[in-house]
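The sequence and structure come first.

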Amino acid sequence: MAHISESELTAYLVEDQARFYRLAYSYLNNREEALDAVQTAVCKALEKQDSLRDAGAIRTWFTRILVNACMDQLRQRKRVTFVPPEALDAGSYEDPLPEDGSLASRVDALPPEVATIIRLRFYEDLSLKEISGVVDCPLSTVKTRLYTGLKKLRIAVEGEA
């Protein structure tokens, strides 16, 4: 396990910056916020590069930093979701369907911990083991959340057909 040099880290960050932006945008759906999240993550990575013990784990390590930066941005928005009174009367609350019906907006409508796993698996092509490292939860939990999310997306898409 070799430490990563600053030049290796910088090369990685420059080489994959478009992918980082796409991931941040998939969370934030806002150009400026996505750019801010990437910039924040890059700064944190440079500050904490000594915490990366294995140069081979750079992708998982930086993706975790970026996902955390995106989640921080979302928390800063302090978004409020209003539940219509009739939904409360029904005794159960279904995930809201996105207005435009696009797959990306359906992923956005999933619970955040499920949407994160869907994004990392299919937008970033991370393995389930890598995702487990990024979200810091057991592989079995990652699998459960992935299949739960895929089932909800399938049901939503099939419901329109």
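**Overall fold and confidence**

The model is predicted, not experimental. The protein chain has nine helices and zero strands, giving the pattern α-α-α-α-α-α-α-α-α along the sequence. Of the 161 residues in the protein chain, 36% are buried. Among contacts in the protein chain with a separation of 6 or more, 63% are between residues 24 or more positions apart.

The mean pLDDT of the protein chain is 80, and 82% of its residues reach 70 or more. The pLDDT is below 50 over residues 80-98, a stretch with 14 contacts in the model beyond near neighbours in sequence.

**Helix α1**

Which residues of helix α1 (residues 6-15) are buried? They are Leu 9, Tyr 12 and Leu 13. These residues cover an arc of only 95 degrees around the axis, so they lie on the same side of α1. In general, an α-helix has 3.6 residues a turn, so residues three or four places apart point the same way. Ser 7, Val 14 and Glu 15 are exposed on the other side of α1. The elements that cover the buried residues of α1 include α2, α3 (31-47) and α4.

**Aromatic rings**

The structure holds four aromatic pairs. One of them joins Tyr 12 and Phe 20, a tilted pair with 5.5 Å centre to centre and 55 degrees between the planes. Phe 20 also forms a tilted pair with Phe 62, at 4.5 Å centre to centre and 50 degrees between the planes. This second pair links distant parts of the chain, with Phe 20 in helix α2 (residues 17-28) and Phe 62 in helix α4 (residues 58-77), 42 residues apart. Through these ring pairs, Tyr 12, Phe 20 and Phe 62 are linked into a cluster.

Two arginines sit over aromatic rings, as listed here.

| Arginine | Ring | Distance to ring centre |
|---|---|---|
| Arg 119 | Tyr 27 | 4.4 Å |
| Arg 121 | Phe 122 | 5.8 Å |

Arg 121 lies over the face of Phe 122.

**Cysteines**

How many disulfides does the model contain? The count comes to zero, by a rule that takes a pair of cysteine sulfur atoms within 2.5 Å as a disulfide. A disulfide is a covalent bond between the sulfur atoms of two cysteines. Cys 43 has a relative accessibility of 38% and so counts as partly exposed. Cys 70, at 0% relative accessibility, counts as buried.

Note on methods
Residues numbered from 1 in each chain as written. Predicted model: local features only at pLDDT ≥ 70, side-chain atom pairs only at ≥ 80, totals over all residues. Heavy atoms only, no water. Phe/Tyr/Trp six-rings, centres within 6.5 Å; stacked < 30°, edge-to-face > 60°. Helix = DSSP H or I, 4+ residues; strand = E, 2+ residues; numbered from the N terminus. Lys NZ or Arg CZ within 6 Å of the ring centre and 35° of its normal. Buried < 20%, exposed > 50% of the residue type's maximum accessible area, 1.4 Å probe, protein only. Arc of directions from axis to C-beta. Contact = heavy atoms within 4.5 Å. pLDDT = per-residue confidence, 0-100.
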